[in-house]
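Subject: The model, and what turned up in it

Hi there,

Here is the structure I promised to pass on. Please open it alongside this email, and my notes follow below.

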Amino acid sequence: MEEETLKLPLPDAFVDFLDANGLDPSIYSQTDSTPRYIRLKPGCESALEEIEADMECKLEKVDWLPGFYSIPPTVHIANSRSYREGKIYGIDAASGAAVSALNISAGDRVLDLCAAPGAKLCLILDLLGELGSVTGVDVARHRLAACRTMLQKYELGDHCRLFVADGTTFSLTPIRDHPDSKSCDSALGEKVERFKEWTSRRTWKERKKAARDRENAAMNPGEPELIFYGRRAGVVGLSKDELYHTVCDSEILSCGYDKVLVDAECTHDGSIKHIQKFEHWGWKTLQRRVLDAERTDNLTVLQLKLLSNGFRLLKAGGFLVYSTCSLTIAQNEDVVEQFLKENASAELLEIEAAKSWPCRSGWIPKTLRFDPVTSQTSGLFVAKFKKLEN
């Protein structure tokens, strides 16, 4: 390692950590040469020159990923009018590749099991078009609320519903058959309350009810909290019992999700910008958040649970993509290896589109790794699975 090429004074413990995972510390010196990436909202392609003038930079088309453009790393899109008007959003090209690996098509029922902060959720909805639905889940309410804000800003929420829930235990399947919303009475003749069209402008009575619902959710943490649904997400007209209806695992094989994305919580060591923050936070914080063995062990347990539950909710013949922005073996290949041992119906697939992607193979064949040196992107691990028919 040539010290003069590194901008970060990486501590010895972190360098040892990278070496143990076969990683070159020089990837963290690529800040000035790794571009930022944006995606144009579909329909805004004709405004490309206007967006370039607004951002005062050239948008370079990413040839291997449709709809994506690279911009200089010094450009901050939040300062642009194009961003404020919802014409562009920031998303790393590696993250875009993980979504692309799902091969989303019109009519798919998609589950984003770790949806926050929301860029991949927006991309999924972009690709879905006018048919199908997306269910976004995240355990952190404030982070999922940020997703909701993104959906409203980019006008992408029509086919989406968002649940605050633990992704390791979430059990709701996609809504496939819309009930007769005109039927408002139960079999016993009782009045049944049904979901009306969602709006951010609610009456005082509705706000009080929402506050009570949040209190009840806090006392019953196992029940998902619905914080947003689009008018074409299948929720309007449902009763609460219908919305929260669960099915057994054997039924999921036929009525589960077509596609599932599990972009799991991780140590974020694959992100140059994240590691850079420790210069300001202090390297002791790096020790606690990235290098601490107990934290890493807890994360790998969580990652395996998220992957396993996402796969459980997948219908037979469906596809799941597992990704993390960590470059460690423990959070990626080791998790995949353990998952395959525990799930005989899971098949690890070759990602066909990756033949044209600037990435390298993971330590397990068919898995992929993006990094700043190889890919000119942030670091990301990607694996794709299919649920075999019984």
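A word on burial to begin with: a residue is called buried under 20% relative accessible area, exposed over 50%, and partly exposed in between (1.4 Å probe, protein chains only). This is a predicted model, in which local features need pLDDT of at least 70 and side-chain atom pairs count only at pLDDT 80 or more, while totals for chains, interfaces and linings use all residues. Residues are numbered from 1 along each chain as its sequence is written, and side-chain values use heavy atoms, with hydrogens and water left out.

The overall picture

The protein chain has 390 residues, and 53% of them count as buried. It holds 15 helices and 14 strands; these are DSSP runs (H or I of at least four residues for helices, E of at least two for strands), numbered from the N terminus. Taking contact to mean heavy atoms within 4.5 Å, 74% of the contacts between residues at least 6 apart in sequence join residues at least 24 apart.

Cysteines

How many disulfides does a search of the whole structure find? The search finds zero, a disulfide being a pair of cysteine sulfur atoms within 2.5 Å. For Cys147, the nearest cysteine sulfur is that of Cys122, 7.8 Å away. Cys147 is buried, at 1% relative accessibility. Cys248 is partly exposed, at 40%, and its sulfur lies 8.2 Å from the closest cysteine sulfur, in Cys255, which is too far for a bond.

Two helices with a buried side

In helix H1 (residues 12-20), the buried residues are Phe14, Val15, Phe17 and Leu18. They sit on the same side of H1, because they cover an arc of only 155 degrees around the axis (the arc is that of the directions from the helix axis to the C-beta atoms). Asp12, Asp16, Asp19 and Ala20 are exposed on the other side. The buried residues of H1 pack against H10 and helix H12 (283-291). Just after H1, Gly22 has a positive phi of about 65 degrees.

Helix H10 (residues 272-276) is also the place of His274. That histidine, His274, is buried, with a relative accessible area of 14%. Leaving aside neighbours within four places in sequence, His274 touches Thr267, His268 and Trp281.

For helix H14 (residues 333-342), the buried residues are Glu333, Val335, Val336 and Phe339. Their arc of only 160 degrees around the axis puts them on the same side of H14. They pack against helix H13 (293-312) and several strands, including E10 (314-324) and E14 (380-387).

Aromatic rings

Rings of Phe, Tyr and Trp (its six-membered ring) pair if their centres lie within 6.5 Å; planes under 30 degrees apart count as stacked, over 60 as edge-to-face and the rest as tilted. By this rule there are 13 aromatic pairs. One of them joins Tyr89 and Tyr154, with centres 5.3 Å apart and planes at 65 degrees, so this pair is edge-to-face. Tyr89 lies in strand E4 (residues 88-90) and Tyr154 in the loop between helix H6 (141-153) and strand E7 (160-164), so the pair ties together parts that are 65 residues apart in sequence. Both Tyr89 and Tyr154 are buried. Trp64, Trp357 and Phe370 form one aromatic cluster.

Charges sit over rings too, by the rule that NZ of Lys or CZ of Arg is within 6 Å of the ring centre and within 35 degrees of the ring normal. Arg289 lies over the face of Trp281, at 4.9 Å from the ring centre, and Lys387 over that of Phe311, at 5.2 Å.

Best wishes
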